[in-house]
Structure formats: C-alpha cells, structure tokens
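Me: I have a model open and would like to talk it through with you. Could we start with how the inside is packed and then move on to other points?

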Amino acid sequence: MANVTFRIPQQSLLQPFWDYLHGNYQDTLRSPLFPVVLSVSTYLLLVAIFTVLDILAPVCPSINKYKIHSESPITWSNIWTTLGVTTYNHLVYIFPTAVGQWYWRPPTPLPKDAPTLSEFVFGILGCTILFDFQYYLWHLLHHKIRWLYSTFHAIHHQYSEPFSLVTQHLSAWELFCVGFWTTVDPLLLQCHCLTTWGFMLFNIWISTDDHCGYDFPWSLHNLIPFGLWGGSIKHDAHHQKPNTNFAPFFSHWDWLGGTSSALCHSAALRGKSRNRE
C-alpha cells in the first residue's frame, strides 16, 4: 500500500486574523478600555437597528408581521424613557468603571498564538452555558424574594411587551451582576482573550435579541431544534407571566425547574401563522 500521510494543520485557522490584529492594533487591544468600548458600541448598534425597525413597523406590514405584538407599536415615549435609563447607567456606572480600569489596571499582555477554532467556539458556548445558569438562579431569587424584586428587578418589568432598549433598562445592581459574570466567566474557563471578546459580543447579541420583540424566521429559537433555545418568544412570555421562563437563553433549566410557560408556545404558533400569511 502506498504511504498516505495526513497533514493536520498545526496553526489555528484564526491565526492570520489574530496576527493582523496583534500587529496593527496591539496598543488598542491591550487597553482596559477596549472591552468596554467594544461592548457598548455593539449594543448601541444593535439597539439602533431594532429601533429603526420599531419606528418603521407601523407603516411597513412586511416588518410588522414579525412583531410578537404587532398590534402594539413602540412609541417615542417608550424609546426616550428606556434610552434615558440606558444613558444614565452608562454615564454614572459604566463610564466611571471604565476610567477606573484604565487608571489602575496595567495593559494586558496579548498571547502570540490565536485559539484554535474549536477552542474559540466551545469557549463561547461554555461561557454562555455558565452565564445562563448563573442568571437563572439570580433571576429566580429576584422574583421569589419580594424585597429583591421591588428593590432591584422591578424596573426591568416596567414593560410587559419588551423591545430592544428594554435590554439594559436595568437597576445598577443587575447591570453590575451581568457585567461581572460576563467578565469573570471567561477567566474561570481560562479562555483566550479573542474568545473572551467573542463571548462578550455574542452575549450582547443574544440578550438584545431576547428583548427585541420580533420573531424572525432566522432567529436562533427558530433555528436551534427541540426548543432548546428560548429567544424572544420565551422572554416575551416571561414579561407577560413574570413567574415563568427565568433562564435568559437556553430552555433546560426552566424545564428542570418546572418554570417553563406554555404561553411561549402559543406565541410561537401565532408567529408562524403570521409568517405564512
């Protein structure tokens, strides 16, 4: 038999991209301000896109048919109120924290090697699963203990029909907890910094998608089989029935804890019915 050799690539598929970032933007990437600027700018971009859809939906049936509550347009009052809370949180809490990091924390060293593709993907997945568990417990406690709910979490439930800007319509305590887990979980799982930033962006995207108020055919909850992913349908049901659907992303903790709501299934069926029209 002829000798057959299999060449296994020793270099990560992400290495050329990492080399480009490392060689051209090293000082920027090493700054403690970089993760903050990256996450805030990504959030504002996503919110801007969904807000444009909210404004166009009442006069554009092709957009409105994907709204979970197509009969309830988002008003400018809703937009300004939630935007005001978001701006306040960023100026009073996030910005001073970022400045403090910049002042006290030295620039972080960057590794020369990129993570492998599997390390990158499974690192983001692992951080997402861990964050989902942490927030499920936090969320459950803040609904079951009346003082915690009224003191810290009630502001998030000011709107029973969420839209994208509700994502960070939060108290300072909840904002701190979410930011803490997003920062610490990649450290616990010993992720590469590129994986950490990927997780941050993914977390912001799926959190905003959870609150967007739309049921698009390409949304994750319509692409991931067996109902494993909750998405906007499940989280909208949580705002309708606040003692159900506590997990932010996956569905398994609500299944195991008996806190899953049938309301999300009926909403999903209504959304599919509208999509067929």
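**Packing, cysteines and aromatic pairs**

Me: Which residues have the most contacts inside the largest nonpolar core?
Reply: In this predicted model, the largest nonpolar core has 27 residues, and those with the most contacts inside it are Trp-18, Leu-29, Leu-194 and Trp-197.

Me: And which helices each supply at least two residues of this core?
Reply: Helix 1 (15–24), helix 3 (33–56), helix 6, helix 8 (172–188) and helix 9 (193–211) each supply at least two of its residues. There is also a second, separate core of 10 residues, which includes Val-47, Tyr-159, Val-166 and Ile-204.

Me: Back to Trp-197, what is it in contact with, leaving aside neighbours within four places in sequence?
Reply: With those neighbours set aside, Trp-197 is in contact with Trp-18, Leu-29, Phe-34, Pro-35, Leu-38 and Leu-110.

Me: Let me turn to helix 8, which of its residues are buried?
Reply: The buried residues of helix 8 are Glu-174, Leu-175, Cys-177, Trp-181, Thr-182, Asp-185 and Pro-186, and what covers them includes helix 5 (76–104), helix 6, helix 7 (146–153) and helix 9. Helix 8 has 17 residues and reaches 24 Å from its first C-alpha to its last, close to the 24 Å expected at 1.5 Å a residue. Just after helix 8, Gln-190 takes a positive phi of about 55 degrees.

Me: How many disulfides does a search of the whole structure find?
Reply: The search finds 0 disulfides.

Me: Is Cys-127 buried or exposed?
Reply: Cys-127 counts as buried, because its relative accessibility is 1%.

Me: What about Phe-122, buried or exposed?
Reply: Phe-122 lies in helix 6 (residues 117–144) and is exposed, with a relative accessible area of 56%. Phe-122 and Thr-195 are 73 residues apart in sequence and 9.2 Å apart in space, C-alpha to C-alpha.

Me: Changing topic, how many aromatic pairs does the structure hold?
Reply: The structure holds 26 aromatic pairs. One of them is formed by Tyr-66 and Trp-218, which are tilted, at 6.1 Å centre to centre and with 55 degrees between the planes.

Me: Where do Tyr-66 and Trp-218 lie?
Reply: Tyr-66 lies in the loop between helix 4 (61–64) and helix 5, and Trp-218 in the loop between helix 9 and helix 10 (220–223), so the pair ties together parts that are 152 residues apart in sequence. At 15% relative accessibility Tyr-66 counts as buried, whereas Trp-218, at 57%, counts as exposed.

Me: And how are Phe-133 and Trp-253 arranged as a pair?
Reply: Phe-133 and Trp-253 also form a tilted pair, at 5.0 Å centre to centre and with 45 degrees between the planes. This pair links distant parts of the chain, with Phe-133 in helix 6 and Trp-253 in helix 12 (residues 252–257), 120 residues apart. Phe-133 counts as partly exposed at 32% relative accessibility, and Trp-253 counts as partly exposed at 25%.

Me: Which residues do ring pairs link into a cluster?
Reply: Ring pairs link Phe-131, Tyr-135, Trp-138, Trp-181, Trp-229, Phe-249 and Phe-250 into a cluster.

Me: Last one, what pLDDT does the protein chain average?
Reply: The protein chain averages a pLDDT of 88, and 90% of the residues score at least 70.

Definitions and conventions: Residues numbered from 1 in each chain as written. Predicted model: local features only at pLDDT ≥ 70, side-chain atom pairs only at ≥ 80, totals over all residues. Heavy atoms only, no water. Helix = DSSP H or I, 4+ residues; strand = E, 2+ residues; numbered from the N terminus. Buried < 20%, exposed > 50% of the residue type's maximum accessible area, 1.4 Å probe, protein only. Core = buried A, V, L, I, M, F, W, Y, C linked by side-chain atoms within 4.5 Å. Contact = heavy atoms within 4.5 Å. Disulfide = S-S within 2.5 Å. Expected span 1.5 Å × (residues − 1). pLDDT = per-residue confidence, 0-100. Phe/Tyr/Trp six-rings, centres within 6.5 Å; stacked < 30°, edge-to-face > 60°.
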